[in-house]
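Here are a few notes to go with your first look at this one. Have the sequence and the 3D view open while you read.

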Amino acid sequence: YVFHLNDTDQTKLRIIDTPGFGDTRGIEQDHKNMQHILEYINNLTHLNAICFLLKPNASRLNIFFQSCLTQLFSLFGTNALNNIIFCFTSARSTFYTPGDTAPLLKKMLTSLSIGNVPFSKKNVFCFDSESFRYLVARQNNIRFDSNEKQEYEMSWKTSVSESKRLIDYMHKDVTVYRIDNSLQSMKHAQFTILGMVRPILETMRNILRNLLLKKFYPSEASIELHPKVLDHPITVCLLCKGDVKKIGNFLFAIDISHKMKKKCRTCSCSLNRHITLEYLLEYTFVRSAPTHNEREILAQLLRASAEFSYFLIHIARASEDDLFLSGLLQMIKHEANLANNQNMNDMNSELVAALNELQVGYVNRMNEIKSNKELNNLSFIYKRINDISEYPIIQSNAEIVCNNYVSDIDIINRNPFYVRTFWYDYITSVGLDSRQRVSQFTIANNVNPATNIYCLKNLLKLVLINTNLSIVPDIKNFQNLNSLIIQSDNGCIGQHLPAEFGQLTSLTNLELTDIKNLENLPNEIEALIQLQSLTLKKIPNLNKIPDDSIGKLTNLNELNLIDLPNLSNVPSTMNNFQSLQRLVISNLNINSLRLDNLARLMTISIGSNSLLQTIQLTNMLQFSSIDIQKNTELLTLKLQNVSMTNSLTVYANTKLTSIVMDNVSGLQVISITNSEQLKKISIENADRLYSLSLNSLANFESISIHNAPLLSTVSIQYSPLLQTILFNNTSSMQTLDLSGCQLTTFPESILTIKSLVTLVLTTNRLSALPLTLSTDLPNLLFLNLVNNKFQGAIFQPPLIYLRELYLSNNSFTSLDGIGSYQSLQRFELDFNQISSIPTEIMQLSPMLQSLQARFNQLTTIPYSMTNMRSLTSFFADKNNISSSERLYLINAFQQSLVKLYI
C-alpha cells in the first residue's frame, strides 16, 4: 500500500502488510507464514522500519512471537534492531499506553539472544480506530450524544498526533536499513542452498551416467542435460509410473504433471508422495565426450552436498530432514524401478550400483565433517556456494542450451508449425537479415512454440500473438531486441517476470496485452533506459509497477496503462518522464490522479477508471488534447497552467460536480457531455479558447468565463437547472446556444455580449424578450426561439437587424409590426396560431427570401405577396385555407417568382 504524504517533496509511505501470528490453523501455518515473509523480504532493497502491531493489556504474548524475532534477525543481523517499531492498537482503553503488554514484552526482548532490542517512548506508538468507526457511523446517520462525540474527537486527535509522530520518526530519526543481496546471513544462505539441491543431485546422477558410458563404451559419447524452464511449477507423483524412454542405453522415466486441488486429481497416491518441479529435464545423447573433468566435479559436488546438508540441519536448523540424502535415496529407488524393466544393454542397474556407492560416500563425508569447525563460519558456507555455482554444468540447470543448433534457420525449423521466411506483422513468419540471421519473428495463433526461440540472439523484433511461450531467464539472450509485443499468453506467463527481463537494454518498444497471471513488473526494468513506448493492457492481476525503477525510464515518450483493474497506483515517479508525449490511463483501480510538470506531454486520455475521484493536471506546457471519459466516480477536474492545450473532451463522467480551469491560455475547444452531476464550470484566462460545448448536464447550474477574448461559439444544451451565466471579456463571441435548458426568463448577461451574431434558445420556457435586445445586441443576425412559450403579437420594438428569425412551436397570434423587421431574410413560424398575414409584410419585399407559416390558422394570403421581389419560397400548407381559395392562390402565384407551397 502506497500513501502520498505531501505534495511538496512527493514523500511516499509504502506499507507491506504481512500475515499475523497466532494463525487459527496452528503453529505450522505460522511457520509457513514466517517463511513466506522472509522470502519476500529477501527480495527487497531496503527497509525503513519493521513494525510489530500488538494489543495493550495482553495477559501473555503469542508463543510464536519470540521465534519470529529470532528468525527475522537471522536474516538481517543486529544492524536492523534500531529499525524496530512497536505499535499498539485499540489503546484508548489504556489511555494510549502499552498497558500490561509492556512488561511482558520487555521481559521477552531481554531473553532474546539477538541483541539489545530498543523499547522506549521513542519507538512505541499507540492508536485507536474507534474514531474512524465513529466517522463511518456518522456517514450512515447514526446519532451520538455530545459526550460520545467529544470522546471520539479526542480519540481522533490523539491517533492523528501519534500517526504524525510515527511518520516523522521513520522519516527523520531512523537510518534506512539496506538489504544487500550479497549479505551473509543464515536465512539468505538457507534460501540459496535450498534452490541448489535438485540441480546438484541431477548433475551428480548425470555425471555417473557419463562415467558408466565411458567405462562400458570406450567410444566418445555422453548424455547432456537440457532443463526446460516452466512458467509455473508442476506436481509429479513419485509412485506412479510414467512413459519410459531409452537414451544412450539408459532408460528415463518421463515426468507427467498431476492435477492438484486439495488432493491429486490424477492418481490416488497420498499428497506426501508428490513433489513440485519448477523445471523439467530433457536429455540428449551426443557423440562427444564431456568437456569438463566430471570426476573432479563429482567429488566437489559430493563434498558440498554433505556440507550444505550439515549446515541446513545443524547450523541454520532449517530442516530436520537430510534433503540431499533423501533425494539420493529417491533416485536409487527410481533407477531400481527402471532397472527391473531393462534389457541386456540397458545401464540402469549399473547406475543403481553407482548411486549406492555415492550414497556411502555421502554418509562417510557427513560423519567426517561433524568435527569441521569451518562449517560454523558463514563465510566458509558462502565460499562453497559461490564455488559450486561457478561450475558451468550447474549454471546450465537454469538456462536453455543453444549450442545444439547450427543456424537460426535450424532453430525456427524445430517449431511444430510452418514458419514463413518473409516477415508479416500478424502471420507466423520471420524476417532474415543479409547473413540469414533471424531479425524479426512473429508467432500468431500457434500456441506451442519451441523454447529454443530464446537462442535467436540477433532478434530485433518479436511478436507473440495467442501463444504459450513462457518468459524465462533466457530472455536475456535478446541483447539486440528493440521491440517486444506479446498479445494473449493463454495464461502461460507466470505471476512474475524474471529479473533477466531487465537485461533487454536495447528495447525501445514493449507491449504486454492480455496477460492472464502477471502480478508485477520486476525492479530490474530500471535498466531499460532506451525504452520509448510502454503498453500494459488487459492484465487483470497486475497490481504493482515499481515506482523507483520505472522512474528511471526517462526516454519514454508513450505510456499506455489500459484495463489493469487491480493496479491502485500510477507510478509516483512519472514526473521523471520529461520526454513523455502520449499518456493513456484507462480502467485502473486508482482514486486520484495528479500530474505535474510533464514538459513534453501532448495528449492524455483518462477513461473508465471506476474509482477515480480527483484529476489534477498542472504545468503541462505542451498539452494539445485532453480526453476524459466514463470515469463514473469522478468528482473534481482541475486544470492549471496547461497553456498550450488545444482541446478538452469530457464525456459520461456521471458524478463530476466541478471543473476548474485556470491559465488554460492555449485551450481552443472544450466539449463536455453526459456528466450528470456537474454543477459548475469556471474558466479563467483561456486566451485561445474559441469553442465550448456542454451537452446533457442534468444538474448543471453555473457557467463562468472570464478573459476568453477569442471565444467564438458556446453551446450549452439540455441542462435544465442552468441558472448562472457569466461572461466577462469574451469580446469575440458570435454564437450562443442555450437549447433545452428550461429557461423561463431571458438571461440578462447575454445582453453584454455585444459581438453576438447567433443566439439559439430553442426548447425553453421563455415568454418574453428584453425590450433593449436590438440595441444591446446590434450585431445579432440570427435568432432561434423555436419551442418556447411566446404568445400574442410579434416582438416590439422590432428587431431591426435580424436576418433570420425562427419562431416555430410557440403561440403567436399576430404578425402586426412585421413590416419594421427591415433586415429579415428568413422567417419561420410553423405551429403557431397566426390567423392572418398583414399587408405590411410587403415592406420586407427587398430582403425576405424564405417564409414558413405551416400549421397555423390562416384562411387566406395577401394577393399582393405575389409581388415580393426577393421571396423565393413560401410554405403555407396545413392551414385553414379553403379548397377554392387554395386554387385561386395557386393560379395567382403561378405568374410570380415566389414558389408557393400550399
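1. Where is Asn707 found? Before the answer, keep in mind that this is a predicted model. Asn707 sits in the loop between strand E32 (702-706) and strand E33 (713-717). Its phi is near 65°, a positive value in a residue other than glycine. Most residues other than glycine have a negative phi. With a relative accessible area of 24%, Asn707 counts as partly exposed, because buried would need a value under 20%.

2. Asn597 is another one to click on. Its phi is near 60°, positive although the residue is not glycine. You'll find Asn597 in the loop between strand E22 (592-596) and strand E23 (603-607). The relative accessibility of Asn597 is 40%, so it is classed as partly exposed.

3. Now for a peptide bond. Most peptide bonds are trans. The one joining Gln796 and Pro797 is cis, with omega at about 0°. Pro797 belongs to the loop between strand E38 (791-793) and strand E39 (804-806).

4. Last, have a look at helix H3, residues 101-111. Which of its residues are buried? They are Thr101, Ala102, Leu105, Met108 and Leu109. Looking down the axis of H3, these buried residues fall within an arc of 135°, so they line one face of the helix. Turn to the face of H3 that points away from the buried side, and you'll see the exposed residues Pro103, Lys107 and Thr110.

Terms used
Residues are numbered from 1 along each chain as its sequence is written. This is a predicted model: local features need pLDDT of at least 70, side-chain atom pairs count only at pLDDT 80 or more; totals for chains, interfaces and linings use all residues. Side-chain values use heavy atoms; hydrogens and water are left out. Helices (H or I, at least four residues) and strands (E, at least two) are DSSP runs, numbered from the N terminus. Buried means under 20% relative accessible area, exposed over 50%, partly exposed in between (1.4 Å probe, protein chains only). The arc is that of the directions from the helix axis to the C-beta atoms.
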